[in-house]
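Reader: I'd like a close look at the charged side chains that pair up here, please. Take your time, and bring in whatever surroundings help me place them.

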Amino acid sequence: MKQTLFKKSWPLWLALLALAGCTTTSSVVPGRPAPGIPAGADSASPAALPAWNDQAVGDTIQGLRQSCRTLQKKPAWSGVCREASALADNDADAARRFFENRFTAWKLRDGGRDSGLITGYYEPLLNGSLNRSERTPWPVYGAPRDMVSVDVPMSQRNRGVLRAKQTGPGRLALAAGGNIEINPADFPADPRGIRMKGRLSGSRLLPYFTRGQINQGSIAGSAPVIAWVEDPVELFFLQVQGSGRIQLDDGSFLHVGFADQNGYPYQSIGKWLVDKGEMTLGQASMQGIKDWLAKNPQRRDELLAVNQSYIFFKQLPGDNGGPIGALGVPLTGGYSIAVDPRYIPLGAPVYLSTTWPHSSEPLTRLVHAQDTGSAIKGALRADLFWGYGTEAGMYAGRMKQQGSLWLLLPKGVSPGAAL
């Protein structure tokens, strides 16, 4: 889950930029079709799906096994998961027969439409070190010790100066007799929620530091440094994605994920460049922005400071597997998608038919619904996880295609009952 370059998305990737997305509660009645599947819709065998026989279906088995770590607890999935665990990794024919024999495919629709927007996301890979050096001068900050938060309902935002008291480390609560003064007008307007982030200056709460101020060293003494990295632009996009890995001097990987945020709403630097006439909308991909920065290095700080939002990280446990998605299992590069769980149950296989980024070349693949994102809304909306590193970032940054989706469920399970 991630923030996009043009729309704020506070996913797994955020709570953004966080790694976990915004799941929602479904009101579907068990036994009835899911909202994205019309009543009376015909189901089909996976064998009838477009380009099914051209698929390297064996490559998707690992993704299903990851989903089964959660799904195997459900009676409808336990037998399927046992069979999946026994399949040979390199036997594509057996894998194809397994899906044909054990699953039913349901075409997803949204009203009269049967195709929707398919985008991509990835896990950045940065070069770094645990020690600051001339090669690695850019800090990856943990949550600052001096940042405090307070919940101010929207109904009280226009009531002038408020009072608050400290209720714990980094936490304030509104209180009529409190000794801390808060003027909501001083804080950035953020329609996402009610939480304000700030810093204490005497008896007043002031807005926390912006990205530009942080990049100038304003929190150098108040925030722990998890690692040091080579490239400030790659660090910026690590924050946009919300999680990633840093390759250290000894070749090992440090996994980092969202810990906190400075309280400012996300602002798209791509949109800013378009509005300034620096590039067209079609050029404003992640790679397009990087290309612009390479040609205009003297304007780097100006551009990055447009997005006042700043993400703080924490070290994540784990090996060299993918980041943890909303399903609670590691994502598989090229075979995991983020979906709207009101329409597609987390863990289910989904057949994706779209095209490669910036291309009309077909991309059909059996993937797995293992993540969510606050920008991923609707039955036909999906975000394909491309993996980690430069190549994955290139594909993810350019992917904005139309595509169709089929939900695969164990035979005998209706879409409504699966949600």
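Author: Let's start with a group. R163, E181, D186 and R204 are linked in a network of salt bridges, a salt bridge being a side-chain nitrogen of Lys or Arg within 4 Å of a carboxyl oxygen of Asp or Glu. Keep in mind that this is a predicted model, where local features need pLDDT of at least 70 and side-chain atom pairs count only at pLDDT 80 or more, while totals for chains, interfaces and linings use all residues. Residues are numbered from 1 along each chain as its sequence is written, and side-chain values use heavy atoms, with hydrogens and water left out.

Searching the whole structure turns up 21 salt bridges. The general idea is simple: side chains of opposite charge can pair when their charged atoms come close.

Take R65 and D89, whose side chains meet in a salt bridge at 2.5 Å, N to O. R65 belongs to helix α1 and D89 to the loop between α2 and α3, so this pair ties together parts that are 24 residues apart in sequence. (Helices here are DSSP runs of H or I with at least four residues, strands are runs of E with at least two, and both are numbered from the N terminus.) D89 is exposed, with a relative accessible area of 58%; exposed means over 50%, buried under 20%, and partly exposed in between, with a 1.4 Å probe and protein chains only.

Two packed helices are described by the angle between their axes and the distance between the axes. For α1 and α2, that angle is about 140° and the axes are 10 Å apart. That makes α1 oblique to α2. The axes are lines fitted to C-alpha atoms, for helices over the stretch in contact, and the angles run from 0 to 180 degrees between N-to-C directions. On that scale, under 35 degrees is roughly parallel, over 145 roughly antiparallel, 65 to 115 roughly perpendicular, and the rest oblique. The crossing of the two helices is left-handed, that is, the near helix is turned anticlockwise from the far one by less than a right angle (clockwise would be right-handed).

Now for what sits around α2. In this helix, residues 75-86, the buried ones are W77, G79, V80, C81 and A84. They pack against α1, α3 (92-102), β2 (103-107), β17 and β20 (400-410).

Helix α3 holds a pair of its own. D93 and R96 form a salt bridge whose closest N and O atoms are 3.5 Å apart. Both lie in α3, three residues apart, which is about one turn of the helix. An α-helix has 3.6 residues a turn, so residues three or four places apart point the same way. D93 is partly exposed at 49% relative accessible area, whereas R96 counts as buried at 11%.

Move on to K107, which pairs with D114 in a salt bridge at 3.5 Å, N to O.

Most residues other than glycine have a negative phi, and most peptide bonds are trans. A51 has a positive phi near 60° even so, without being a glycine, and it lies in the loop between β1 (43-44) and α1 (61-71). A51 counts as partly exposed, at 34% relative accessibility. H358 also has a positive phi, about 55°. H358 is in the loop between β17 (349-355) and β18 (362-371), and it counts as exposed at 58%.

To step back, the chain comes to ten helices and 20 strands, and 53% of its 419 residues count as buried.

Note on methods:
Contact means heavy atoms within 4.5 Å.
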